[in-house]
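Visitor: Please pick one part of this model and take me through it closely. Which residues are involved, and how do they meet?

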Amino acid sequence: MLSRRTLALHRGAVISPLLANIYLHYVFDLWADHWRHNIAKGNVIFVRYADDLIAGFQYESDARRFLEDMKKRLEKFELSLHPEKTRLIEFGRDAAENRSRRGEGKPDTFNFLGFTHICGKARNGNFLLMRTTRRDRMNAKLKEIKEELWMRMHDPIPEQGKWLRQVVIGYLAYNAIPTNSRRIGAFWHRVICIWRNTLRRRSQKDHFTWDRIKKLAEAWLPRPRILHPWPNIRFDVKHPRWEPGARIALAGICTGGAP
């Protein structure tokens, strides 16, 4: 995450994210694009969302040089990288094999936009980028649901079910991505457990059984299933925008998100 001193006066205003985005476009985006085309020796790709950034490099030497150059660039505008959330890691299709050859452990993971990104393998043994919902983010959402259901404890069950349905639909709309089926399945199951415990607390005499809560879940809660296509399908357009190194990221810089 980039710490902002120059934009401190705008913090808290509705327009703050927009101003920050415009500012970083000139401070970082244009400069990084020039760096990629004029200084990098290999393929490079950048993904920035607000003040969170992921940069992928074909060569480790490019990654290290970019990190130093970026620090100097940001200092000119009184910006800095978060010291605990900025890391240089080896990540990509060859990372596991390279680290195994050196006698090192599994490749590091990184968090970005609410997902943990993992170097995995498909069933055929090929490299597979796996993304799962961050466990802390899921637990935080479940805590919110539990607290809200407690407030709605004595509402009619159909009203509770209607509210829960909207919550689950919204959660799946963002998190139901390929390779994340286990995590969204766990979320769905824990929502049902929270709902059952809430209903049981309405009356000491009401021992709400699993059969009853399962029927309610079937009636009100959408089943967890993958809703988003694989990235290679989503970007399969007739006139794709060319991005050098879109499939190559042997080394990467992660800045933002949890360490």
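Guide: A crossing is right-handed if the near helix is turned clockwise from the far one by less than a right angle, and left-handed if anticlockwise. The crossing of H1 and H2 is right-handed. This is a predicted model, where local features need pLDDT of at least 70, side-chain atom pairs need 80 or more, and totals for chains, interfaces and linings use all residues. Numbering starts from 1 along each chain as its sequence is written, and side-chain values use heavy atoms, without hydrogens or water.

H1 spans residues 16-38 and H2 residues 60-75. Both are DSSP runs (H or I, at least four residues), numbered from the N terminus. Their axes (lines fitted to C-alpha atoms over the stretch in contact, with angles from 0 to 180 degrees between N-to-C directions) come within 11 Å and cross at roughly 145°.

Now the residues. H1 brings Tyr-26, Val-27, Phe-28, Trp-31, Ala-32 and Trp-35 to the contact (heavy atoms within 4.5 Å). H2 answers with Asp-62, Arg-65, Phe-66, Asp-69, Met-70, Arg-73 and Leu-74. By class, 9 are nonpolar and 4 charged, with no polar residue. Here Asp, Glu, Lys and Arg count as charged; Ala, Val, Leu, Ile, Met, Phe, Trp, Tyr, Cys and Pro as nonpolar; the others, Gly among them, as polar.

For context, the protein has 8 helices and 9 strands. Another helix pair, H4 (residues 135-151) and H6 (residues 181-200), packs at about 20°, with axes 10 Å apart. The crossing of H4 and H6 is right-handed.

How values were computed. Helix = DSSP H or I, 4+ residues; strand = E, 2+ residues; numbered from the N terminus.
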